[in-house]
Amino acid sequence: MKIHEYQGKQIFAKYGVPVPKGYPAFTVDEAEAAAKKLVAETGNQVVVVKAQIHAGGRGKGGGVKVAKGGPTEARQLAEKILGMQLVTHQTGPEGQKVRRLYIEQGLDMARELYLSALVDRDRRRIAFMASTEGGMDIEEVAAHTPEKILTIHVDPTVGLAAYQSRELAFGLGLMQHGKETVAKFVRLMTALYEAVVKEDCALLEINPLAVLKNGDIVALDAKVTFDDNADFRHKGWDELRDTDEEDPVELEAKKAGLNYVSLDGNVGCLVNGAGLAMATMDIIKHAGANHGVAPANFLDVGGGATQEQVTKAFSMILKSPKVKAIFVNIFGGIMKCDVIANGVVAAAKELGLKVPLVVRLEGTNVELGRKILNESGLAIVAATTMADGAKKIVDAVSGGAK
């Protein structure tokens with residue numbers, strides 16, 4: 001689950017991470033009022049108007065502007081940014097509509113750095129990554145100058161050690177700003193580690209992390225992603241959720257107890273089990289590589305799905321206009337093939353299925369499941385193996401199922 005920059009900075013402040021003063025705004029009037037408040041509080045006419053969407057690259061897309069003329073200019077910028085369709089490298093060409101702004105004080109920066117914390121699942125530890133190349137796309141830095149990325153891993157049994165933070169500080173060249181700046185960086189790292197652990201963050205990114213001309217270190221940005229598996233520990237997360245920024249189908253799936261992720265392909269997938277679902281997507285991609293055929297979604301109905309959930313799954317798959325065919329791939333263990341078959345038939349009839357449907361069933365009650373499908377009167381293409389199903393779904397999309 002992602003949250004907005006201003007929400008991330010509220011969490012930062014809770015743990016003692018230095019952040020600039022700022023206020024969220026949902027209207028142009030609120031933006032102007034926030035700018036006036038900041039000028040009164042800081043004595044500085046310069047404020048920054050920031051679009052709030054769940055994507056990086058806002059500055060390059062025109063979503064972050066500096067208002068040197070105070071509240072009047074801040075209002076003019078807010079009028080341009082609020083409601084715009086902001087396109088960045090993370091939103092795709094369709095962009096994302098800006099519905100919220102963050103009005104923040106301007107600061108005198110000496111340097112821009114990059115700092116993030118994420119869960120390294122291979123090493124089962126939290127990793128901190130830092131770079132002197134703040135303000136740039138970290139992907140570009142990793143691709144072209146990977147030596148500029150510094151990484152440390154935190155042993156969960158002892159936590160973040162001060163020497164590790166100093167190691168990063170020295171690597172970032174913070175000693176040139178004085179020992180006190182290094183000390184401030186160490187305190188910031190300690191606060192960030194506490195936030196990552198206590199808030200169950202999957203990713204925490206600050207780009208840029210600013211070194212001010214007075215030697216202070218301030219988080220100028222905040223990208224926070226929570227680990228959804230920990231939502232039972234954080235009842236307050238619902239208040240931070242912005243449903244306008246999330247895929248409506250994925251939200252619907254979550255409410256229905258289904259694991260669904262939208263993709264860019266044209267074959268809807270309905271599978272039980274995350275591993276089988278990923279293997280199914282791989283084999284569709286492999287079989288359809290030369291035919292423009294690829295999975296349109298990840299959908300794991302789980303081991304205990306009901307007929308109603310299967311029908312719901314079909315409904316969600318068909319909400320995408322890109323879907324040209326559906327591949328149902330079920331290995332029945334706890335999940336029985338006849339339950340899936342009944343759900344498939346019910347969904348096809350209820351929704352008036354008009355795209356080709358390929359079904360591969362194997363496992364518990366498989367013969368009964370196949371019998372239900374065969375006697376349904378529906379144009380269902382049966383597959384015996386995953387490879388057979390992948391071939392038939394590619395044929396269905398590229399030239400008719402055979």
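**Figure 1. Asn-365 sits in the loop between strand 17 (357-363) and helix 12 (366-374).** The model is predicted. Asn-365 is not a glycine, yet its phi is positive, near 60°. Most residues other than glycine have a negative phi.

**Figure 2. Arg-124 occupies the loop between strand 7 (109-120) and strand 8 (125-131).** Arg-124 has a positive phi of about 55°, although it is not a glycine. Its relative accessibility is 72%. Arg-124 therefore counts as exposed, a class that begins over 50%.

**Figure 3. A cis peptide bond links Asn-207 to Pro-208.** Omega at this bond is about 15°. Most peptide bonds are trans. Pro-208 belongs to strand 10, which covers residues 201-212.

**Figure 4. Four strands make an open sheet in the order 1-6-2-3.** The pairing is antiparallel. Strand 1 (22-25) and strand 3 (64-67) are the edge strands, each pairing on one side only. From one strand to the next, the twist averages 20°. Strands of a sheet pair through backbone hydrogen bonds. Strand 2 (residues 47-51) and strand 3 run antiparallel and are joined by four bridges. In one of these strands, strand 2, lies Val-47; its bridge partner in strand 3 is Ala-67.

**Figure 5. Helix 3 (residues 71-81) packs on the sheet.** Helix 3 touches strand 2, strand 3 and strand 6. Its direction makes about 165° with that of strand 3. Helix 1 (residues 5-14) lies across strand 1, strand 2 and strand 6 (101-105). Helix 1 runs at about 50° to strand 6.

**Figure 6. The largest nonpolar core holds 42 residues.** Leu-115, Phe-128 and Phe-185 touch the most other members. Helix 6 (residues 179-198) gives the most to this core, with 10 residues. Beyond its neighbours within four places in sequence, Phe-128 contacts a set of residues that includes Leu-115, Leu-150, Ile-152 and Val-154. Among its other contacts are Leu-160, Leu-168, Met-189, Leu-192 and Tyr-193. Ser-116 and Thr-151 also touch Phe-128.

**Figure 7. The largest pocket has a volume of about 1600 Å³.** Its lining comprises 35 residues. Closest to the pocket centre are Glu-246, Asp-247, Glu-250, Val-261 and Ser-262. Helix 8 (248-255) and strand 13 (259-262) each supply at least two lining residues. Helix 8 gives the most to the lining, with five residues.

**Figure 8. The protein chain has 402 residues, with 13 helices and 18 strands.** This legend places the close-ups in their setting. Along the principal axes, the C-alpha atoms fill a box of roughly 75 × 50 × 40 Å. Of the residues in the chain, 50% count as buried. Among contacts with a separation of 6 or more, 67% come from residues 24 or more positions apart.

Conventions:
Residues numbered from 1 in each chain as written. Predicted model: local features only at pLDDT ≥ 70, side-chain atom pairs only at ≥ 80, totals over all residues. Heavy atoms only, no water. Pairing = 2+ DSSP bridges. Axes fitted to C-alpha atoms, helices over the stretch in contact; angles between N-to-C directions. Contact = heavy atoms within 4.5 Å. Core = buried A, V, L, I, M, F, W, Y, C linked by side-chain atoms within 4.5 Å. Buried < 20%, exposed > 50% of the residue type's maximum accessible area, 1.4 Å probe, protein only. 1 Å grid on protein atoms, 1.4 Å probe; cavity = no way out; pocket = protein on both sides within 12 Å on 5 of 7 lines; lining within 4 Å. Points joined across faces, edges and corners; volume = space filled by probe spheres on them.
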